[in-house]
Amino acid sequence: MKLEPLQFNPIFKDRIWGGKKIDTLLLKEIPSEITGESWEISAIENNVSIVSSGNFKGKSLNEIIDLYPEEILGTEVYKKFGKQFPLLFKFLDAQKDLSIQVHPNDELAKKRHNSFGKTEMWYVMQADENAELIIGFKKKSSPEEYLKFLKEDKIVSLLDIKKVSQGDAYFLHTGTIHAIGAGTLIAEIQQTSDITYRIYDFDRVDADGKKRELHTELALEAINYDVVDAKKEYKKEPNNHNKIVDCEYFTTNFIPLQGSVDFYTEKRSFRVLMCVEGTFTISLNDVLYFYTKGETVLIPAAIDHFTINGNASILEIYIS
């Protein structure tokens, strides 16, 4: 079977805070006016991505990994994770504020949920005027202070609120309290996990008039009460792999494409390219594949040399 760049059908998620930017800005046919998430590549149980075109059209991500584990994942990724795809890629549209939440680390997630933890990063694709994020505490806190302010409905006053704009990037270690604010469109890269502890939800109710569940006790042990420095400063040199994040779970580079860039991967890890602006092509074995803003492509690790061309802003993700 000839391996080629892989695209998948997006998995849309309606959210109480969702909107229409995944349609209006990313040109995806969303199912409702509160579509909050487009899962681009997922191996989450009951939400496994399906290939949208090409040789593997109609097959799931797990099926093709089962057939070609090292060729898809890469020698080092397969050695570390077996046939489990270790990352989840999303676009998120926050028309309203998300809940304030936290994710457990690997150890806690394994013990409680038999899951990975959820280390993640955000790249801000678009932000309305005065859009904000909540990331961590303003000053070092404690479980006692956290519970006191939560009980008094003042938890937001403890937290660090940041104005955001297009191109901002944040790296969120597990344990970091966080929330995406209204008016923000984000590309998210994270471990394969859907474990979230909701801390505070602004007393909102769902379509049935019920408040959403909070996970106060579960969050207590998961939270990092120290001040964090989550914003990532990075270079934007044209046609270069500018490092944003390099951690044990993934590496993310920013490529301002103005012409062409060659890739040599040594078959150690797959590559994922998320187009956050513009258009580009992949040239492989005399075949051109076309991509535009809002599209995500998985390059199997066995494709160890390829070239991209165009004018675009691209997030390049792999596992070191």
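Biologist: Let's start with H5: which residue caps its N-terminal end?
Modeller: That would be Asn 105. One of its side-chain oxygens lies 3.2 Å from the backbone nitrogen of Glu 107. Do keep in mind that this is a predicted model.

Biologist: Is Leu 27 buried or exposed?
Modeller: Exposed, with a relative accessibility of 70%.

Biologist: And what about phi of Asp 286?
Modeller: Phi of Asp 286 is positive too, near 65 degrees. Asp 286 belongs to the loop between S16 and strand S17 (287-292), and its relative accessible area of 82% makes it exposed.

Biologist: Switching to aromatics. How many aromatic pairs does the structure hold?
Modeller: There are 11 of them. One of these is formed by Phe 81 and Phe 116, with 5.9 Å centre to centre and 85 degrees between the planes, an edge-to-face arrangement.

Biologist: Where do Phe 81 and Phe 116 lie?
Modeller: Phe 81 is in helix H4 (residues 75-81), while Phe 116 is in the loop between helix H5 (106-113) and strand S7 (120-127). The pair therefore ties together parts that are 35 residues apart in sequence. Both Phe 81 and Phe 116 are buried.

Biologist: Nice. Why is the pair of Phe 171 and Phe 250 called edge-to-face?
Modeller: Because the ring planes stand at 80 degrees, and over 60 degrees counts as edge-to-face. The ring centres of Phe 171 and Phe 250 are 6.2 Å apart.

Biologist: Which parts does that pair of Phe 171 and Phe 250 tie together?
Modeller: Phe 171 lies in strand S10 (residues 169-172), and Phe 250 lies in the loop between strand S14 (242-246) and strand S15 (251-264), so the pair joins parts that are 79 residues apart in sequence. Phe 171 is buried at a relative accessible area of 10%, and Phe 250 is buried at 0%.

Biologist: Which residues do ring pairs link into a cluster?
Modeller: Tyr 123, Tyr 234 and Phe 254 are linked that way.

Biologist: What sits over the ring of Trp 39?
Modeller: The charged end of Lys 13 does, 4.7 Å from the ring centre. There is also Arg 271, whose charged end sits over the ring of Tyr 318 at 3.8 Å from its centre.

Biologist: Which strands each supply at least two residues of the lining of the largest pocket?
Modeller: Strand S1 (11-19), strand S5 (87-94), S7 and strand S11 (178-180) each do. S11 gives the largest share of that lining, with 3 residues.

Biologist: One more spot, Ser 269. Where is Ser 269 found?
Modeller: Ser 269 is in the loop between S15 and strand S16 (271-284). With 2% relative accessibility, Ser 269 is buried. A polar atom of the Ser 269 side chain lies 3.0 Å from the backbone nitrogen of Ile 319.

Biologist: Last one: is Glu 217 buried or exposed?
Modeller: Glu 217 is exposed, at 59% relative accessibility. Its place is in helix H7 (residues 216-222).

Biologist: Great, thanks for the tour!

Note on methods. Residues are numbered from 1 along each chain as its sequence is written. Side-chain values use heavy atoms; hydrogens and water are left out. Rings of Phe, Tyr and Trp (its six-membered ring) pair if their centres lie within 6.5 Å; planes under 30 degrees apart count as stacked, over 60 as edge-to-face and the rest as tilted. Helices (H or I, at least four residues) and strands (E, at least two) are DSSP runs, numbered from the N terminus. Buried means under 20% relative accessible area, exposed over 50%, partly exposed in between (1.4 Å probe, protein chains only). A charge sits over a ring if NZ of Lys or CZ of Arg is within 6 Å of the ring centre and within 35 degrees of the ring normal. A polar contact is a pair of N or O atoms within 3.5 Å; within protein, one must be able to donate a hydrogen and the other to accept it, and residues adjacent in sequence count only if both atoms are side-chain atoms.
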